[in-house]
Each structure stands twice: as structure tokens, then as C-alpha cells.
Amino acid sequence: MPPVNGQWRSLKELADDPDFLARAADEFPDLSDALASAPDRRSAIKLISAAIATSGLGGCDWAPWGTLIPAVKIAPNIVPGLPNVYATAHLFDGYAAGITVKHFMGRPIKVEGNPLHPASLGATDPFAQAEVLNFYDPDRAWAITEHDVPVTYQRLQEALLAERTKITESRGAGFRILTGTITSPAVAAQLDAVLSTYPEARWTRWEPVSRANISEGAILAYGQPGEMIPKAGAADVILAIESDLLSSAPGHVRIARDFASRRNPVRTEKMSRVYAIEPVPTLVGAVADHRFIAGPSELRQAVNALAAGILGTPPSSGAPPWVPEIIADLRANRGAALVHAGPDQPPEIHALVFAINEALGGRGRTFELIAPVAHSTPGREISLTGLARELHDGKVSTLLILDSNPVYTAPGSLDFAAALKRTKFSLALTLLPSETGHVAQWAVPMAHSWEEWSDARAYDGTATILQPQALPLYNGISMLTMLALFIDAAPPPALDIVKSSWQSRLGPNFDGAWHDILANGIVPNSASPPANISLRSGAERNAISEIAPQPLSVLFRPDPHLWDGRYANNSWLQELPRPFTKLTWDNPLLIAPERAQDLKVGNGDMVRLSIGETGVTAPAWIMPGQAADTIVALLGFGREHTGLVANGTGFNFYPLTGREGAISLQKAEGHMELASTDHHHLIFGGTGDYARHGTLADFRRDPRLLSATGQVPHLYHWKLAGPAQWGMSVDLNACIGCNACIVACMSENNTPVVGKDEVIQEREMHWLRIDRNYEGSPDHPDIYFQPVLCMHCEQAPCEQVCPVGATVHDQEGLNVQIYNRCIGTRFCSNNCPYKVRRFNFFGYANKEQRPSEARNPDVTVRGRGVMEKCTYCIQRIAEARIAADRENRPVGEVRTACQAACPTQAFTFGNLVDSGSEVVQRKASPLDYALLAGQGTYPRTTYEGRITNPNPAIAGGKE
Amino acid sequence: MTDVPFSEGLFPEDNRHEPIRPRAGDPVVLPGPTMGSMTDQICANALRRRAFLWWYILIAPFVLGTAILIAAITWLFYAGIGIWGVSWPVMWGYALIGYVWWIAIASGGTFISALFYLCAVEWRASLNRLAETMTLFAAACAGIYPILHLGRPWLFYWLFPYWNVMTIWPQFRSPLLWDFFAIFTYVTTSIFFWYFGLIPDFASMRDRATSRGKQTFYGVLALGFRGSERQWRHYHPTYGIMAAIMAPLVVSVHSIVGLDFAGGATLGWHETQFPPFFVFGALLSGFAMVLLWAIPLRRLLGLESYITGHHLDVLCKLLLVSSICIGYSYMMEAFMAFYSGDEADKINFMAKVSGSSLAWIYWSTIAFNVTLPQLLWFRRCRLNQTLVFIVSLLVIFGMWCERYTIVVMSLRRSHLPSAWGTFVPTIWDWATLWGTVGLFASGVLIAIRFVPAISMAEMRGLIQSREKEEQRA
């Protein structure tokens, strides 16, 4: 293993280093004499200047270890200018979703989903799309540090040797390992090996955004652990209880695809009906046919009533009036009903939900149970609370923290930072500098998952080998190697460890099988079989204890895009407008409109939230559709010791977690400007014409009800002639507002990030935005998402007003923007009814802290003073056109970046001349309509209006 | 070395008396000045070695403003258009407001000197030089804005239909291109017209200049004009032809500025009435600006005999007429917002007039451009210099508000509520705005320091005919 860096600790060390002296002697003969002589005052000063002069040299020494051969012969399969694609997986909370990474000359530039992988089916979530930026992050940890001072790898090895000796003697007593969820068989094997080497060692498996409630619920219900695989495509009725089914549950990308397959009545025989019960809007709630707002106590009542209705448990008092109709609907759809509860619900609710699902007969149809995918070692684990107690008690001598940041994320009540300082040896393996790395004795840079071999399993157990995508940028150490270092001073390479864990399972033709696995990105037939477990008798009778209604409860939720804070240094995710608030760069406390009225606060007014003695002052944000008795504190912001992007952005609410005491929310002094891309005041009603919608019943009566208001007549019609005419259809029934498309677009099209101040100035550069329209009262609005991107109007208003002809139509119906010709009059944007054009008020791309290698070389990086907009991924069209020309065939399928990333296939893009293309079929849908049809723009992008399927027995469903 | 005083006193010597108030029934030229004394007086103003003290006091803040403008432009070119408050969706801001505002102000001079020349209106002779000078510098201020406004200003010449190896032409359907031609034509012809009118006066100055340097300076500018009959015979028809070209240009340039907006499909802009609407607005602010200069300068330069109650009266009546015309346009704009039946148009209009903290801008427009000038129905008001000065100033402000309403308030509320936004001007917006005010005023002040403030050649004609009438009487 090479030294992580060439840094030195003292001038003396530098002077004594024979290697350095030899090099210096070659280059500066006088200087080496000076360095070799005994230091006096004068030569000390000389040394200092020499040190300053040569300190940069050490930094140059970053080439990978070993012999370098210049690329006289290019590596096989690499053609300069053409991309290569390699499969791997993206890990989210330990769970894998297959991705493919596009490379140019060995540089990863774009993530796509792996169509062969069951958790992806070709789509991704925003996190996976943004992984490119994590990989190239210039703030990544690059040096092994001891007490925040960079040291050599040898120094770490010495320390580890001493540590190994010590814990071998103590048989691991006082040796603790803290990790997140592990699904990787190789890491699990390595961890087990460490645990068996040190019998007294203990492992803490902990995620800040925990799914432990669900597994505990499964144990309550089944008596043994099990994991639920929802099959939303098979469910006619879905009841989502503050569910993360579409946003972050393991497999959510795949589940969203299944879910959406039942939401467009034009393409599905039977449209599903979705109920959501939740205190705050979730993605499922936004697309549900009925969304019921229930605070924590009302929610428990509802679940109890549900259990009473379905399981026959004693009825509860004070159940909300809408529960009986839901029960009736669920019962009427036995075998085709699915109930799903989110990870924030207590284990008892999950136990009941498991029982209800079993009672509704959905097992094997609407859901499946498998053995847990996440690794566990019963008997050898302690909880985080237990670990913290041990730390405080001084019982832990050695603590190994792998890719976890407890100093920042652990419940505030545990005071983990103080606890951590009590160990003699603590080592944190972190991708980015972190709060934990800052406090721990040792911080070791972790290899990015694109830099080292590993493996992981998906939500259904399917395994993927994670192959490195590039040479390590920062000489990090992988989690596998770090664990191995606790057994052996010179562990085998990670590839060997991974291979050895698969050797037995792949059979005799290992090399062939291994090649296929790497090429396809999945290990065939590795999905977990259904678990043969059944409900404990009487499990269904565990009615949950009801809680008295509290005037206020604080809900700690992960930020939708920064998650628990691990993505806080990713500027794409920071600037990604949150699905409901459209906020970027900040995490104000979300409060209900009613609460805001009581407190007399508006958006951005400071409030103080305290729980017991602890309090945080932060701005407030009014969230329509939130339960009045709840406050939502989003976690993941307010980082302190990490990269430049994250440091000091937003507010850290972790110190409030795990606390008990009276909750109070008071108005505080001051106001803070927040960067929301939604600049208008809330408007309710009147959105019907933008995001058109109707009910299933109305649709049955008149399928064309949403396309009734058509385009205005026009004399000049664009003729759909020639080999290709491009067009897009966006299915509003499918859009769940997850934002994967926006990040995909930024990644594909080199769209710059502008920063908080510029977002406040309304200068964000996203080519694609998702409009969130509210309808109804602020307390309980209906929510309609609508992606808006360049419509590529056939009668484009932008083209007529450009004085220099910088935006024109091409023969394939694309509205193209010629950056080189643009002089920046901005008239095109004024004239665009959809306002999808973005202007480089400054040279945003220049200011980005992003290596140029990370950009898509097929797309021009736009300079200052130039207008830009969605091009329908013209570079992908060009690629397809070239391929078609070479093969002498008509131009084939083109997938835009947004379309490829979309989990629900809301976007369809293609050739309007090709009558067999999917886009032609979708445009023939009776729901097809043009946004702002009255403007006479004849847009090439059209929408399929949203149809909802409310239960006629319940008033107040979405219409 | 002779001791040269800093200034030559506060006022011209022959003006150190009680001010002559404008009175009803004043003739175009008050009795008193002869052709000779008038020429002496006007030339002396321009030829004296040191300016008057008031001139220094007055120009100081405006020169500072010009310096600020230079700083603002330098920073703009260095840092980029982002230093302004323009944003999404309000992509146009103070640059476009300022441009339209200044070009409208410029109209007054051309209208008075060209159109009234063709109509053979006597009183224009006292005002045309002042008005044209004002036009020149207002047009200069207007002319720089479109370049500053560009995202990549160094490429402004791409608007020219020049021959290039790529054989790329400008896009002729764009109103911005028409605008470019209109402004270019207007500014160049304004310069020529102003200069051509000055040639006989430069000749007089050359003849009266005492120092060699001034003789050369004015001599070169006079282009060898000696006042021969043959020269006058060519001069008059040429001037007439130029006036005949200029007069319709006033209408065309403002119509095209109107089309800059009406040509877009943007809410609040897409109205057929915009071309005449902008001509009305231009005349209103043009007359107001002429009054704004004429009232103080008649005292400061001792021109009270030549700019009389008659002029104030006529200019105020013109101001009143254009104010009524523009009032009609405002009414039609409001009417069409509702008559068109477009819901978004209605929302857009209602957002301008109510419900927002910026509604006062719309109502200032109405108050200052339509309501306030109604005072000028009364002769006593028309002859009250202070009142007319204040009304003119407020009309100029009101016209700026009108442009703010059109440019910013329209863009803030487009068809899709998700694309609604706000506009907050930055310090650089203000610096550029006040900078152009500085450029304009210091330019006019410098011009009247060195060129005759009244067209002496034409004034001699007026005085001559008056003298003849007196002799006949």
C-alpha cells in the first residue's frame, strides 16, 4: 500500500529523509548540502525557506504507485471521443440499485440506471445521478490525519500494529465497530472475520435515518426478522401511512415504476386507488387519490380503527370518519390490497400493518417477505445508545467508525462528541472530512465506491459486484481493506477479497461467470427466495397504545435530497428544489398554515424550537397540507467540518433529536431570506388549465375531457416530414415529483449550479423544473406535479424576436439555441410563455468548483451572457443520427437524460414520423394536451392530463 | 500671467436685474433687442473665457454622475450583467426602462425643431437650439443602454447587416433589429440636423471670436459659411429637406420602440396600440424636458427676451394635449386587459394596479402623466414658472414609472404562476440610471457653454420682421 501522501511532520524529518535528500541532491546540489549539515540559526532559516520552496514537490508525488507506462497503445475498447459504459451499483443506506457509468477516456461523467437490475430497471433516483459530483468532489478527504494533522500511511500502520497487539491480548474487549447498514457479502464476511478474530468485540449497526422500526415490527409480527418487498404493480388499492414507498424505501425506484404502471387509465386495465394518511406531504401523498392529514395521535387512532375493522381487534374510540370507507375498500379488494407504513412509524404500527397485509391476503401478490438483506450478527451487536454509554463509561478502548458520522448525526441526547473523546484509539473512515473525523483521533480517507472493488445487495437480495470506475483520485482506503487491516498488516487487494467471497457460489467456470456479472451488473439468480415465515399467533391483537393528542410534536425527517447529511457537500443536491417547498440550500422548520397564523410568522421569519432545555433558532416555512400539530425539522444541514459547499449551510437539528421535554415553538427576532425557486405567493385554484386533471368517472364518461381545450387554429402548419421529427409526451399521471430528471439533466448537459444568493435572485439554471401546483385550501390542498421543460414549439415565439438569429428551428423540429451566436438580449426569454429559458447572468460554469473532466464532453459549457435551455438532449440525437448513418438505417430510439432517469417513465421521447414509436402512441392518448394551448405555439412537448381515482363514497377526494 | 478669475460672476452682466416674468400675450420676442444686440449677447455667452458661477455649481453633480456612469459601465463590462437586478423571469430591467425613457425625452427637440419648422411656426426659433441639444444628449444616453443591456456587449456589432465570411445576417423579423436601425438612423440624423442648423451661427462666432484658437475652432466648424446669398439659397432648402426627413422619424422611432414590446407575445406588451401609445409618451416627456431646461435657462443665460410667456404658454398646451392622448392610451390598456378575455392578462393587469407593494408605481404614472398636467388648462398655471417646472419634473418621473410598469411589472406575472417572480434593482442599476442623468445634463450644459443657446440666424429673421412691422406701424 502506498503512502497516502508525501507530507512531513517536522523539518527534521524532512532533512533526514534519505529519499528526499537524494532527490534534492539531483536537483539542487547546494541545498542538499545545507540540509545534511547540522542545523544552526542561519541554516534553520534556510531550511524554512527550502521547506516552503519545496513543499509543493511532495504534493506533486500523487501518481498511482507502481510503474507507469505512457499510453502509447490505448487500452482496449477505448476509442477517443466515444464513451464506454461500465456497470456497477449505487448504494443508498447500504441497499444497492444497479447503475451504469458512462466514461470518456476513462473519466466517469454520467450515471444511468441499469435496465437489467431489478431495483433500477434503467432508472435512478436523484442521489445516484448526483454521484458523479460526489466522486469528483474537490473537498474529499485526501490525507490520513491524526488529531487533524496529516500523517503518513506508515504512521497509521504503526498505530494499527500497536492496536492489533492490544486488542488481540484483550480478545477484543473494548473493541467496537460502528457502521451503517451493510448488505455487501464481502464486507459482511470481512466484518464477521474481524468479529471472530476478536471474540469480545462488538458491532454497532446504525443509520441516522433508521429503518429499525420496520424490522422490529417484523419481529413483533412474525417472531423473526423479515423484509417486505412491496409489489405496487399488483395492488388495486394501496394505503400508504406516511410512506416512503416512492421516495426512499429500499427499491423505491423500482417500486415507483410498478406503482405508476397502474396510474394511467389509458394504459392500464384497472387503475389503482391510493389512500395516504400522513402528517406531512410525501411523494405518495401527493399522487394519492385521497390524502388524509393526521397528526401522530390521530394517525394512531386511524391505524387502530383499521386494525379493528380488518383484524377484529377491539375498536378504538375517536377514529377519524374516513377510516370505515378505507376499510371497506381494502376488504373489497382482498388479495389486491397493500398497506405500507413508513420507517418513522413505531414498531407496533408496523407489526399491525404486517398483520393487516396478511389478513388482506396480499402475500405473494401485492407483497413478498424475504429474509433481511441487511447483514446482522445476532449476539454480537450493541445499539448506538449502548455504545454511547460504554464510551461515556470509558469501557471502549478502540473504536472503528466506518463511513458513519455519529458526532454529527447521533441523537443529541447521547452527546457523542464527548463520548468519542474518551476512547484511547478512535478511527473514522470518511469519504469527506467530517465532524467525526474531526473529533476522532484518526481520520482516514475512504475510497469512493467507484474507486475500489466491492459488492452489495439490492432490496430483493439481488447482488451486484461494484467494480471500480476510475483510478483512485485521493488514495482512499476502502471499507473492506480497513476491516482487513484489523486482521492483517498487509491485507490482500480488495478484488481478491471480493472474488474469494464469490468463488464458491459461481461454480467451476468462475472467470466466465465473473465477466458476465461485471458486464451485466447483476449476479444472476441471487435474489432472495420468499421467506417461509408466518404470523405469530395473536400478533394481530397487539393494538397499539394510543397517545393523548399533544399540542405540538416535532417530526425529524431526513432532507429529501441531502438525506441524513451525507450529500450535504453535493451542490447539485443542495440546489435541487425540494419537491414541495421548492427550497434550495436551506432547511427551515416546516409548519402548518394554521400554526403560522397563530404565531404570526411568514416564510423566513425566525422561530425558536426548543425541546426541554435544548433549542435551535431557525427560519420557518409554511407547508400547506401539514398537520397543524406538527413541526417538521429536516436533518442533514448545518454541517461544520466537511466540504466548502456544506459547511454552514442551513441548520443542524440533530442536537434536538432523542431529547425529552416540553416542546415549544416561539417567534424569534429576525428574518432570513430563503432560496425557493417558487417565487409566487401560494395561489389556490385556477391551476386547472396548467396541470389538467379529472376523475376516472369523468374520464369514463368522456375520455377526451382534458384535451377539449385545444390549440388555436393556425395558417402555417409544420409538416411532419423527413427522416425524423422529434417530440415528447409527459405523463402527469406518472410524475411523482422525485427530481431525478433534474439532476440527470444537470449532469448530462453541464448545467451549472449558481449558489444560494443567485437562487434568491431567481437565477437558477435548471433546464427542467417541476412545477408544484396546489389546489384547494392551504390547510388541505391537492398537489399536482408538472415537469416543465422547453416545449420546442413549432411556432416558437422565442425565435422571432432574436435579432441575431441565435435561436432557430432545425429541419427535425428542434428549437435549437446557438450559444456562439447569442449576444444576450434576453428577448427570447421574455417571449417564452413557458419561461423555460435560462440566462448566464455571470459565468456560472467558470465559478463551479468542478473539474472539467467531470463534464460531458459532448455538450458545450456555456459562458457568461449566453441564453440556454433544454435541447431535447441534442447530443444524444446527434449520436443516434451518426449511428443510423453509419448503419444506413433510419434514425432509431433516442432517450433523453430526463427520460432515462425517470423511475416512472413519465417522459417519452421519440420520432413523430415513426408511427410505431411510443411517443406517437402516447400523443394519441385521449388525455394529450398542450400547455398554454391558447398561445398558438404548437409545442412538441405535450402532456397527458392527470386522472385520479377517488372513492365515490368519500367526499373531498382529488378531482 | 494675467489673473483670470475662476468665473465671470453668477449671471451675464446684462441680466443682473429683476427677472422678467412671463406674461399672457407676450410676443415671441420682447421689444428691446436688436439684431446686433441679440447677436452680441448670444455670442458673448459662448465666447467668454470663463463660465458663470452658476454653470460650475450646476454641472458639478452631473459630472460626478458621469464619472459614476463610467465606473458602473466599467464594472458591468468586467463582472457581467448579473450585477444588475435583472433575473428570471424579469429579464429586462433598468437598461430597457432607461433606454425607452431617454429616447422618449429625445423626441421633444426633434418634434419642435423639425415639425414646427415645416409648419412655419415662428416661436420655434427661440427654442429649437435648446431642444435639439437636449435631443442629442438624450439620444446618446438612450443609445448606450441597448449595448450595456447585452449579455455579451462586445458582440453588439452583430446587429449590423455587415458582410462577413459566414454570410450570417441579422434576423429581420425581430423588433430589436428594427429598433437598432431606427435608433441608429435617429441618432445620426439628429446629430446632422443639429449641426447643420448651427453652421450659420458658427460662422457668426468665428467672426466675433477674438482669440486665434477660437477663431480656428469655430472657423472649422462653420465649414466656410460666409453668409453669401448663394450659400443661403442652398442652405434653406437643405434645412427644409432635413426637417422633412426628421419629422416622420420622430413618429417612426417611437413606433418601433413600441413594437419592441408589442412584437413580443408577452402579457402586457402584446397590444396593437403600443406604437401610437409610445409616440404620445415620447411627446409628453419631450415637451416636459424642454420646459425643464427652458425655464431656468431663460433666466440664467439672460434669454428672457427670447423665451417669453408665449413660449411657456404654447409648450404647456402641447404638454396638456399629449397628456390627454396618453391618458386615452392608459384607459385603452386597462380596457383591453378585460376585453381580451385572457385570464392571465387580467391577472397581469390587476397585479400592476393593486394587491402588490409596487402598485404605487402604476398610480404614480396616472397621477403624474394624466392628472397633474390637467392644471395646465388654466393660464395662470401655465405662466407660473415654478409650477410648470414642478409639473414637468413630475411628468418626467411619471414617464419613468410608466416604463417601469411596462417592462418590469408585465414580466413579473406571466402565463404560468410557477414562472412568476420579482425584480429588485441593485446599486448598479441606480448608478447607471443616475449616471445617464449626469451624462445628459453635463452634456447639455457643456454644449450651451460653447455653442449659441439660441439659433441666432433664425432669431435675426424674427427680429428683422418685428422691426419692419414696427417701422410700418
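I began with two helices of chain B: the axes of helix H3 (residues 94–118) and helix H14 (residues 427–450) come within 10 Å and cross at roughly 15 degrees. The model I am reading is a predicted one.

On the H3(B) side I found B:Tyr94, B:Gly98 and B:Trp102, and they meet B:Asp429, B:Thr432, B:Leu433 and B:Thr436 of H14(B). By class, I have three nonpolar, three polar and one charged residue in the contact of H3(B) with H14(B).

**Chain B against chain A**

I then turned to the contact between the chains, where 37 residues of chain B touch 38 residues of chain A. I asked which helix gives the most to the chain B side; helix H5 (residues 175–208) of chain B does, with four residues. I sorted the chain B side that touches chain A by class and have 21 nonpolar, 14 polar and two charged residues.

**Four-strand sheet, chain A**

In chain A I traced an open sheet of four strands, in the order E11-E10-E9-E12, with parallel pairing. Strand E11 (290–293) and strand E12 (337–341) of chain A have a single partner strand each, so I marked both as edges with one side lacking a neighbour in the sheet. From one strand to the next, I noted an average twist of 10 degrees.

I followed one pair in detail: strand E9 (residues 237–241) of chain A and E12(A) are joined in the parallel sense over five bridges. Within this pair I looked up A:Val237, whose bridge partner in E12(A) is A:Ala337. I also checked what lies across these strands, and found helix H13 (residues 323–332) of chain A across E9, strand E10 (273–278) and E12 of chain A. I recorded H13(A) as running at about 135 degrees to E9(A).

**Three-strand sheet, chain A**

Chain A also has an open sheet of three strands, which I listed in the order E1-E2-E3 with antiparallel pairing. I put strand E1 (83–92) and strand E3 (107–113) of chain A down as the edge strands, each pairing on one side only. The twist here averages 35 degrees from one strand to the next.

Last, I looked at strand E2 (residues 95–104) of chain A, which runs antiparallel to E3(A) and is joined to it by six bridges. I looked up A:His103 and found its bridge partner in E3(A) to be A:Pro108.

Methods
Residues are numbered from 1 along each chain as its sequence is written. Chains are lettered from A and ligands numbered from 1 in the order in which they are written. This is a predicted model: local features need pLDDT of at least 70, side-chain atom pairs count only at pLDDT 80 or more; totals for chains, interfaces and linings use all residues. Two residues are in contact if their C-beta atoms, placed from the backbone, lie within 7 Å. Ala, Val, Leu, Ile, Met, Phe, Trp, Tyr, Cys and Pro count as nonpolar, Asp, Glu, Lys and Arg as charged, and the others, Gly among them, as polar. Axes are lines fitted to C-alpha atoms, for helices over the stretch in contact, and angles run from 0 to 180 degrees between N-to-C directions. Two strands pair if DSSP finds at least two bridges between them.
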